[in-house]
Amino acid sequence: MLRKVPPFTPAGRKRIPRRCPDPAQPTTGWAWASLPDDIARQVAALVLKYDMVDYIAFRAVCSGWRGCASTPRDPTLRTRLSVRSTGSIPLCDGDAVRPDDACQITFIHCKTARSLRVRLTELQRHRIIGFTDGLVILLHKRRTKIRVLHPFTGVAVDFPSLVPVYHKLIKNRTCVLRMNAAVCSSVCVSPTTSIAVVAWFPWSSVVLSPDAGHPSWQWQVIYNSMDLSNNLTFQGQLYGFMQSSRQIVQVYPLKPLNTVVDHVP
């Protein structure tokens, strides 16, 4: 025999309305926001040691954690906090588009191998002339001013224009557009910055660096005859390789007696 179908068949299980928790009753769960301040500071120090991006995300969790972690936006770009703590190096995407034209740079973390594409509107009207410890060195295409930019915090330190030195020593626009630069620890005490920029040019033996202790803070010629082919920054110092003499020299800070560190056989 066929069974009769009931006149009404429910489409699914009925939803039971959730009860809102009573604020007067104590909750059994544990909130991360109630983490003690001393423990939160220790966690923040460990996060900053390995990754600047995670440190910024740590401060964005809640106001309590933000109060336990100091801001990474250091206007002087001190080496310990801003430069060494990035732990990331830039990558080329291989799509034949320059990062300054695309206004974005892809970074990979040295320890975690995590890649992160950062969009930087500051790259407009600028040309990338170097990277040092995660910092981006920019050259303004029209004003020829040098800017050192922290890609994750947005802090920037501006340096004087290259126009006076260009008309006096370089006199070649192609050399300026293809110039190279590196960030070093400044040897001069300045309240505005703790970094120095060393710049050199192809087809030229001139090496420049602005002196922060100078009253006008202009670019100074530190070497007149130094043809650099490769360079390396280590602990705030800049070393270079001279192809003609097969010598490894210390470019910055200046050594009064002898700049030669070693010879390459």
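Contact here means heavy atoms within 4.5 Å. The model is predicted.

**Around Ser-209**

Ser-209 sits in strand S10, which covers residues 207-210. Leaving aside neighbours within four places in sequence, Ser-209 is in contact with Val-197, Val-198, Gln-218, Trp-219, Gln-220, Ile-222 and Tyr-252. One polar approach stands out by name: a polar atom of the Ser-209 side chain lies 3.1 Å from the backbone oxygen of Val-197. Is Ser-209 buried or exposed? Its relative accessible area is 4%, so Ser-209 is buried.

**The sheet S4-S5-S6-S7**

Four strands form an open sheet, in the order S4-S5-S6-S7, with antiparallel pairing. Strand S4 (126-132) and strand S7 (156-161) are the edge strands, and each pairs on one side only. On average, neighbouring strands of this sheet are turned by 20° against each other, direction ignored.

Take S4 and S5 next. Strand S5 spans residues 135-140 and pairs with S4 over six bridges, in the antiparallel sense. His-126 has His-140 in S5 as its bridge partner. Gly-130 is bridged to Ile-137 of S5. Two residues lie between the strands in the hairpin of S4 and S5, where Asp-133 takes a positive phi near 50°.

S5 also pairs with S6. Four bridges join these two strands, which run antiparallel. Here Ile-137 has Val-148 in S6 as its bridge partner. The hairpin of S5 and S6 has four residues between the strands, and Thr-144 takes a positive phi near 55° there.

How many of the six residues of S5 are buried? Six of six are buried, so S5 is mostly covered. Both faces are covered. Leu-135, Ile-137 and Leu-139 are buried on one side. Val-136, Leu-138 and His-140 are buried on the other.

**Salt bridges**

The count comes to two salt bridges.

| Salt bridge | Closest N and O atoms |
|---|---|
| Asp-54 with Arg-114 | 3.2 Å |
| Arg-147 with Asp-158 | 2.6 Å |

The pair Asp-54 and Arg-114 forms a salt bridge. This pair links distant parts of the chain, 60 residues apart. Asp-54 is in helix H2 (residues 52-59), while Arg-114 is in the loop between strand S2 (104-109) and strand S3 (115-119). Asp-54 has a relative accessible area of 34% and is therefore partly exposed. Arg-114 is partly exposed as well, with 37%.

The other pair, Arg-147 and Asp-158, also forms a salt bridge. Arg-147 is in strand S6 (residues 145-149) and Asp-158 is in strand S7, eleven residues apart. Arg-147 has a relative accessible area of 24%, so Arg-147 counts as partly exposed. Asp-158 is partly exposed, with a relative accessible area of 39%.

**Aromatic pairs**

A pair of aromatic rings is described by the distance of the centres and the angle of the planes. The structure holds two aromatic pairs. One of them is formed by Phe-58 and Trp-65, with 4.7 Å centre to centre and 15° between the planes. Why does this pair count as stacked? Planes under 30 degrees apart count as stacked, and the planes of Phe-58 and Trp-65 are 15° apart. Phe-58 is buried because its relative accessibility is 8%. Trp-65 has a relative accessible area of 11%, so Trp-65 is buried too.

Terms used:
Residues numbered from 1 in each chain as written. Predicted model: local features only at pLDDT ≥ 70, side-chain atom pairs only at ≥ 80, totals over all residues. Heavy atoms only, no water. Buried < 20%, exposed > 50% of the residue type's maximum accessible area, 1.4 Å probe, protein only. Polar contact = N/O pair within 3.5 Å; in protein donor to acceptor, adjacent residues only side chain to side chain. Phe/Tyr/Trp six-rings, centres within 6.5 Å; stacked < 30°, edge-to-face > 60°. Pairing = 2+ DSSP bridges. Axes fitted to C-alpha atoms, helices over the stretch in contact; angles between N-to-C directions. Salt bridge = Lys/Arg side-chain N within 4 Å of Asp/Glu carboxyl O.
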